[in-house]
Amino acid sequence: MRALVLAAMTMAVFSCSEEVEHTAPAIHDRDSVSMMTSYGVNTLISDSGVIKYKIVTERWDVNTVRQPSRWTFICGIFLEQFDEKFNIQAYIQADTAWYYDQLKLWELRGRVRVRNVNGLRFTSEELFWDGIKHEFYSNKFSRVVSPERTLQGTYFRSDERMIKYTVSNSKGSFVKPDDNAPGTASQGTAPGTTVPADTTAVPVLRPAATKHAATKKTATP
């Protein structure tokens with residue numbers, strides 16, 4: 001009897017020593033882990049108690065550990081931009097987007113498309129939206145189409161409503177004005193106010209706005 005008990009104890013010891021725990025490997029890059037991941041999102045986002053945009057996306061990751069902290073939209077995004085009275089000012093969509101919440105800066109990549117309430121359409125592979133300076137800018141080839149003109153160039157800068165904008169290294173077509181119409185600008189002249197180049201220091205995520213400043217053209221639709 002004692003021999004049987006001893007044999008059973010020996011088998012138990014060997015069986016325990018041969019067990020393999022099925023555990024996942026440790027995560028060392030902790031800043032790569034999102035604190036929140038949401039799917040099928042359709043929500044309104046406010047800033048200082050004022051609703052600023054509506055977000056529609058398949059996936060939304062929030063990471064507050066990475067520097068700078070950010071929201072990531074790797075499956076594309078559709079945005080509606082609102083003014084203070086909750087009127088829609090623009091529609092924005094992109095293949096991929098990041099929002100750096102502490103900097104109030106949007107970075108849109110891929111097939112970026114913007115359309116405002118005045119019928120202006122913007123297309124590019126890159127667009128930054130600065131919520132502090134209230135402006136858009138891009139250092140990639142961009143195309144701007146309005147009811148009056150079509151412009152394209154390698155640098156774009158605009159106010160937040162895309163009413164006053166600058167296109168540098170540009171070429172484009174303009175609607176020929178009626179010389180007999182009162183108050184019509186002469187042919188080849190684009191009415192509007194020139195947006196001065198910003199020469200102040202800016203963070204790395206906000207490229208300097210002085211690129212191509214010597215060849216800039218400004219148009220106000």
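The chat below goes through a predicted model of a protein, from its overall make-up to single residues.

Biologist: What does the secondary structure come to, and how many residues are there in the protein?

Modeller: Keeping in mind that this is a predicted model, the secondary structure comes to 1 helix and 15 strands, and of the 221 residues of the protein 33% count as buried.

Biologist: And what share of the contacts comes from residues 24 or more positions apart?

Modeller: Among contacts with a separation of 6 or more, residues 24 or more positions apart account for 42%.

Biologist: Which residues touch the most other members in the largest nonpolar core?

Modeller: That core has 30 residues, and the ones touching the most other members are Ile77, Trp106, Leu108, Phe122 and Phe156. As a general point, nonpolar side chains in soluble globular proteins tend to be buried together.

Biologist: Take Phe156, then: what is it in contact with, leaving aside neighbours within four places in sequence?

Modeller: With those neighbours left aside, phenylalanine 156 is in contact with Phe122, Leu127, Phe136, Tyr137, Ser138, Ser142, Val144, Met162, Tyr165, Thr166 and Val167.

Biologist: Which other residue has a positive phi although it is not a glycine?

Modeller: Histidine 134 has a positive phi of about 55 degrees, and it lies in the loop between β8 and β9 (135–138). With a relative accessibility of 41%, histidine 134 counts as partly exposed.

Biologist: Changing topic, what volume does the largest pocket have, and which residues lie nearest its centre?

Modeller: The volume of the largest pocket is about 340 Å³, and of the 18 residues that line it, Lys52, Gln81, Phe82, His134 and Glu160 lie nearest the centre. The elements giving two or more residues to that lining are β2 (50–63) and β4 (77–82), and the largest share, 4 residues, comes from β2.

Biologist: What is in that lining by class?

Modeller: By class, the lining of the largest pocket has 7 nonpolar, 4 polar and 7 charged residues.

Biologist: What does its side chain join through a polar contact, and what else is glutamate 107 in contact with?

Modeller: A polar contact of 2.9 Å joins the side chains of glutamate 107 and arginine 109. Leaving aside neighbours within four places in sequence, glutamate 107 is in contact with Thr96, Ala97, Trp98, Tyr100, Leu127 and Phe128, and its C-alpha is 7.5 Å from that of glutamate 126, a residue 19 places apart from it in sequence.

Biologist: What about glutamine 152, is it buried or exposed?

Modeller: Glutamine 152 counts as buried, since its relative accessibility is 17%; it is found in strand β11 (residues 149–153), and a polar contact of 3.0 Å joins its side chain to that of arginine 143.

Biologist: Where is asparagine 118, and what is it in contact with?

Modeller: Asparagine 118 is found in the loop between β7 (105–116) and β8 (121–130), and at 48% relative accessibility it counts as partly exposed. Neighbours within four places in sequence aside, asparagine 118 is in contact with Pro147 and Ile163.

Biologist: Last one: which peptide bond is cis?

Modeller: The peptide bond from glutamine 67 to proline 68 is cis, with omega near -5 degrees, and proline 68 has its place in the loop between β2 and β3 (70–73).

Technical notes: Residues are numbered from 1 along each chain as its sequence is written. This is a predicted model: local features need pLDDT of at least 70, side-chain atom pairs count only at pLDDT 80 or more; totals for chains, interfaces and linings use all residues. Side-chain values use heavy atoms; hydrogens and water are left out. A nonpolar core is a set of buried Ala, Val, Leu, Ile, Met, Phe, Trp, Tyr and Cys residues joined through side-chain atoms within 4.5 Å. Buried means under 20% relative accessible area, exposed over 50%, partly exposed in between (1.4 Å probe, protein chains only). Contact means heavy atoms within 4.5 Å. A polar contact is a pair of N or O atoms within 3.5 Å; within protein, one must be able to donate a hydrogen and the other to accept it, and residues adjacent in sequence count only if both atoms are side-chain atoms. On a 1 Å grid over the protein atoms alone, a cavity is a set of points where a 1.4 Å probe fits but cannot get out, and a pocket is an open set with protein on both sides within 12 Å along at least five of seven lines; lining residues have an atom within 4 Å of a point. Grid points are joined across faces, edges and corners, and a volume is the space filled by probe spheres set on the points. Ala, Val, Leu, Ile, Met, Phe, Trp, Tyr, Cys and Pro count as nonpolar, Asp, Glu, Lys and Arg as charged, and the others, Gly among them, as polar.
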